Amino acid sequence: MSVTYQYSILPKAYHEFFEAWEWYEEICEGLGDRFKDEIFRTIRRIAKYPLHYAERTKAYREALVDVFPYLIVYQVFPDTQKVAIVSIFHCKRNPISKYK
C-alpha cells in the first residue's frame, strides 16, 4: 500500500506558478486554469509517487508537466513523508536557476 506524502509549495515556487498562471490567463481566458489543473495534477502524482521521478543534483527531483513546458522541482523527506515543491520551472529558462 502506498502512502501519499504531504506537500508544501515554497514561496519561490508559488511565485513562479502565479506569474505563469497570470501570463496564460492574459493569453487566453481559461488557459491559466488549465495550466493550474496540470500543475496540481502533477503535484498530486508527485505526492503519491515521490521517488518515481529522477533524482538530480543536490537531491532534487524533477517531474515534467504534461501539455505545458514546465518542470516541477522538488525534494523528498521520507522520514516525515513530506515533499517540498522548490520550483515550478519553465523549461526555456536558464537551468541553473531551478535550484536557487
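Tyr-74 is buried, with a relative accessible area of 0%; buried means under 20% relative accessible area, exposed over 50% and partly exposed in between (1.4 Å probe, protein chains only). The model is predicted, so local features need pLDDT of at least 70 and side-chain atom pairs count only at pLDDT 80 or more, while totals for chains, interfaces and linings use all residues. Residues are numbered from 1 along each chain as its sequence is written, and side-chain values use heavy atoms, with hydrogens and water left out.

Tyr-74 belongs to strand 3 (residues 70-77); helices (H or I, at least four residues) and strands (E, at least two) are DSSP runs, numbered from the N terminus. Among the residues that Tyr-74 touches are Ile-46, Tyr-53 and Val-86, a contact being heavy atoms within 4.5 Å. The side chain of Tyr-74 also reaches the backbone oxygen of Pro-50 at 2.8 Å.

Turning to the aromatic residues, rings of Phe, Tyr and Trp (its six-membered ring) pair if their centres lie within 6.5 Å; planes under 30 degrees apart count as stacked, over 60 as edge-to-face and the rest as tilted. The count by this rule is 12 aromatic pairs. Two of them are tabulated below.

| Pair | Centre to centre | Angle between planes | Class |
|---|---|---|---|
| Phe-17 and Phe-35 | 5.8 Å | 15° | stacked |
| Tyr-24 and Phe-35 | 5.1 Å | 35° | tilted |

Phe-17 lies in helix 1 (residues 11-27) and Phe-35 in helix 2 (residues 31-48), so their pair ties together parts 18 residues apart in sequence. Tyr-24, in helix 1, is 11 residues from Phe-35. Phe-17 and Phe-35 are both buried, and Tyr-24 is buried as well. One aromatic cluster includes Phe-17, Tyr-24, Phe-35 and Tyr-70.

Technical notes. Polar contact = N/O pair within 3.5 Å; in protein donor to acceptor, adjacent residues only side chain to side chain. Lists of a residue's contacts leave out its neighbours within four places in sequence.
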